[in-house]
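Here's a quick tour of the structure below.

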Amino acid sequence: MNKIMVIAEHRLGELTAATFEVIAAAVELKQTKGFSVNVAVLASNPAEFSAKLNIAGVDEIIEVLIQENQFQTDTYEAVINSLLDEYAPSVVLTSNSIDAWSCMPIIAAKRQCGFATDVFALNYDGDDLIATRAAYGEKMHVDLEFPDKETVLITLRGNTYKPIEQEASVPVSSFSAPSVNARTTHKRFIEPETTSDVDIAQAELLLSIGRGIENEDNIEQFEELADTMGFTLGCSRPIADNGWLPKSRQVGQSGKIVVACNTYLAFGISGSVQHMAGMKHVPNIIAVNTDAEASIFIIAKYGVVADMFEIADELINHFE
Amino acid sequence: MKILVPVKQVGIIDEDYEIRDDGKNVDVDFLDYEINEWDNYSWELALNLQETYGEAVEIVPLTVGPDEAEDVLLNCLAKGGERGIRVWDDALVDSDSMAIAQVIAKVAEHENADYVLTGTLSSDHSFAATGMCVAGLLNWAHAAVVSKVDITPDAQQITVNRELEAGIEEEITVESPAVLSIQLGINEPRYASLRGIKQAKAKPVEVMSHKDFGLTDAEVGEMGSLSKVRKMYAPEHSQAELIEGTVAEQAKRIAEIVKELKGDT
Ligand SMILES: Cc1cc2nc3c(=O)[nH]c(=O)nc-3n(C[C@H](O)[C@H](O)[C@H](O)COP(=O)(O)OP(=O)(O)OC[C@H]3O[C@@H](n4cnc5c(N)ncnc54)[C@H](O)[C@@H]3O)c2cc1C
C-alpha cells in the first residue's frame, strides 16, 4: 500500500502544534487515495511523544531512538533517509518549520525527490499529486506537480489544517537509527529576553505598523495615534529589526502570536506569510495600504486603500 | 578563507501584470527587479569578515541570472570585493531552488570556497531551500536561518545562532566547510557609495555557463527541478469590505467601526 509519512516535530519537550495539523493533512490525503499514514517520531525517549500521537486516522507510529532529544540536522537527515529506504512512502509531510527548512532540502537534493515548501493545499489529479503554494509575496498562487518522482517531500504551511480531536489506539513500532556523523553541535537555546514592556499577546486592541512607516521619525505619530485610540502599538519585523520599536512588539512567526487580539489595525504592512502567522486568526482586521493588491487585504475584514499618514492625520481627530 | 555569496535578482509584481502564455509564470515584462532583501545581509556579513580579517578573507559574489542580473553583482561590488561571477544559459530558465543549487555547488567547488553564505529565502518564490540544496549537493555541514555568526579564518568550526520560531534561538557549532543561510536583521546592510558604484564598473565579472562546470541541460532548468509548475494564477479576491471615499470619509468610517468593536459608541 502507498504510504504517507509524517515526521513529528518537537522542541523543548513538546510536540509542536503544527505537527497535529500535518497529521490532519495526511489523514485527509489518505481518505482520497486509501493510503496509510505512518508517523515517525525521533527522540531520546520517543515513547513520551508517541503516547500523544494516538490520533484517529494514523495507521502506525514509528519510534526512532536518537541520542539527543533536540533537533540535529544530520541526524534527522540520516534517519529520514533510512525511513525512505525502508518504507518507500509516496509523500513525506512535515510542517514548514525552521527545522524542516534545514533538513528537508538536503534529503531532496541527495535523493532527487519531488520537493516543495510552504504548501497550503494538497490534491490528487488522477495519480498526480498537486501541491499549491504562493509566490511573489502571496500575490500569486502556483500549482506544482512532480512528474516521475516516486517520493515527494512537502513542508506544510501552518494554520491550514485543523487538528483531529478524535483519539485512537495506534500500533507502535520501532525503527533503529543509522549511525550518523553529526557536524553541528547544540550548545544552548536562547529564549527571548524578558522585558517590562507590555505583552502584545495579551492585548485585545492592536495597531501595528509596517515598513510603510518609512523612517524612524514617523513612529511617534503612530505611538500617539495608538495611545489616543486606546490601542497597543505592534509592528512587523523590519520595524523591530531596525530597532525602531522593541522586538517584544513584533507580531509574527518569529515574534508573537497575538492570541488575545480582537481588533487589529494594520498600517503599511504587506501581509507576508510570516507576519500573518501571528495575526491571521484575529476576527476584526482593518488594513490600510496604498497597494490595492497587498495580500493583507485577503485576510482583512475591512480594507482601506489609502496613504497611512493621511488616514492617521484624520483618524486621530475622532478619538481626541 | 574564501567565502562565496550567491545573490539573486528577484522579480516584484507591479500593479498590473499578465501571466505568461504558457500560464506558468508572470510575464517578465510586468516585473520590476531588485536584489533579494536577504542577500543584502549575507553580503554585508561577508564584507564585515573581510574588513575584520583583511587579506586572509576573499569574498566573491555570484549570481545565476541573465544579463540584467549583473546589476545585483555591481550592487555588491560597489560595497566591496574584487570580482564577481555570473552564470547563465537559456537552459537555466524555469530552474527551481534545486536546479540553481546545482550551479552554485559547482561554482563553490571550482572556487575552492570554504563557506557559502546564501539568503534564507528569496522573496519571489520563497522556497527557502537554495542554500540547503547546495549543502546537500556538496555534502557540507549547514545551518538554515542563521541570525548570528562567529567565524575566524582557518577555524575548524564556527559558532552560529539558528533563529527558530517565536523568538527562540539555538546556539550551535558548525564544522567547516559549511553552507549558512542568513536571516534578516543579522547586521545593518550598508548602502553603496557613489564612488563605490563607479569603482564597481571596473571590477571583473566572469560570465560562465552551467556547461563550463560539466552540468548537462537535464540537470538544470525545469528538467533539473524537483517540481514543475502546472499553472500560476491570482488567488481568489479578498473578502474584505472596501472602505471607499475621501480620506476624511475613510477615516470616519474606520473610527465608527473601531468604536463599535470597542463597544463605546
Ligand atoms: C524565518 C522568517 C521569520 C520571519 N518572521 C517574521 C515575523 O515574525 N513578523 C514579520 O512581520 N515578519 C517576519 N518575517 C519577514 C517577512 O518575510 C517580511 O519581510 C515582513 O513581514 C515584511 O514586513 P512589512 O509588511 O512591514 O514590509 P513590506 O513587505 O515591505 O510591506 C510594506 C507595505 O507598506 C505599504 N506602504 C508603503 N507606503 C505606504 C503608505 N504611505 N501608506 C500605506 N501603505 C504603505 C506597501 O504597499 C507594502 O504593502 C520573517 C521572515 C522569515 C524568513
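In which sense do S6(B) and strand S10 of chain B pair, and over how many bridges?

## S6 and its partners in chain B

Keep in mind that this is a predicted model. The pairing of S6(B) with S10(B), residues 178-182, is parallel and runs over five bridges. One spot to look at is B:Val116, whose bridge partner in S10(B) is B:Val179.

S6(B) also pairs with strand S1 (residues 2-6) of chain B, again in the parallel sense, this time over two bridges. There, B:Ile3 sits opposite B:Tyr115 of S6(B).

## Which way the side chains go

S6(B) covers residues 115-119, and five of its five residues are buried. B:Tyr115, B:Leu117 and B:Gly119 point one way from the strand, while B:Val116 and B:Thr118 point the other way. Both sets are buried.

## Chain A as a whole

Now for chain A: count nine helices and 18 strands. Its radius of gyration is 22 Å, close to the 20 Å that the globule rule gives for 320 residues, so chain A is as compact as a globular protein of that length. The C-alpha trace spans about 65 × 45 × 35 Å along its principal axes. As for contacts in chain A with a separation of 6 or more, 64% of them join residues 24 or more positions apart.

## Surface and charge of chain A

Of the 320 residues in chain A, 58% count as buried. The chain exposes about 12800 Å², with carbon and sulfur atoms supplying 45% of that area.

On the charge side, chain A carries 22 positive and 45 negative side chains. The centres of those two sets lie 7 Å apart.

Conventions. Residues numbered from 1 in each chain as written. Chains lettered and ligands numbered in written order. Predicted model: local features only at pLDDT ≥ 70, side-chain atom pairs only at ≥ 80, totals over all residues. Heavy atoms only, no water. Helix = DSSP H or I, 4+ residues; strand = E, 2+ residues; numbered from the N terminus. Rg over C-alpha atoms; globule rule 2.2 N^0.38 Å. Buried < 20%, exposed > 50% of the residue type's maximum accessible area, 1.4 Å probe, protein only. Contact = heavy atoms within 4.5 Å. Areas by Shrake-Rupley, 256 points an atom, 1.4 Å probe, with all protein chains shown as cover. Lys, Arg positive; Asp, Glu negative; His and termini not counted. Charge placed at Lys NZ, Arg CZ, Asp CG, Glu CD. Pairing = 2+ DSSP bridges.
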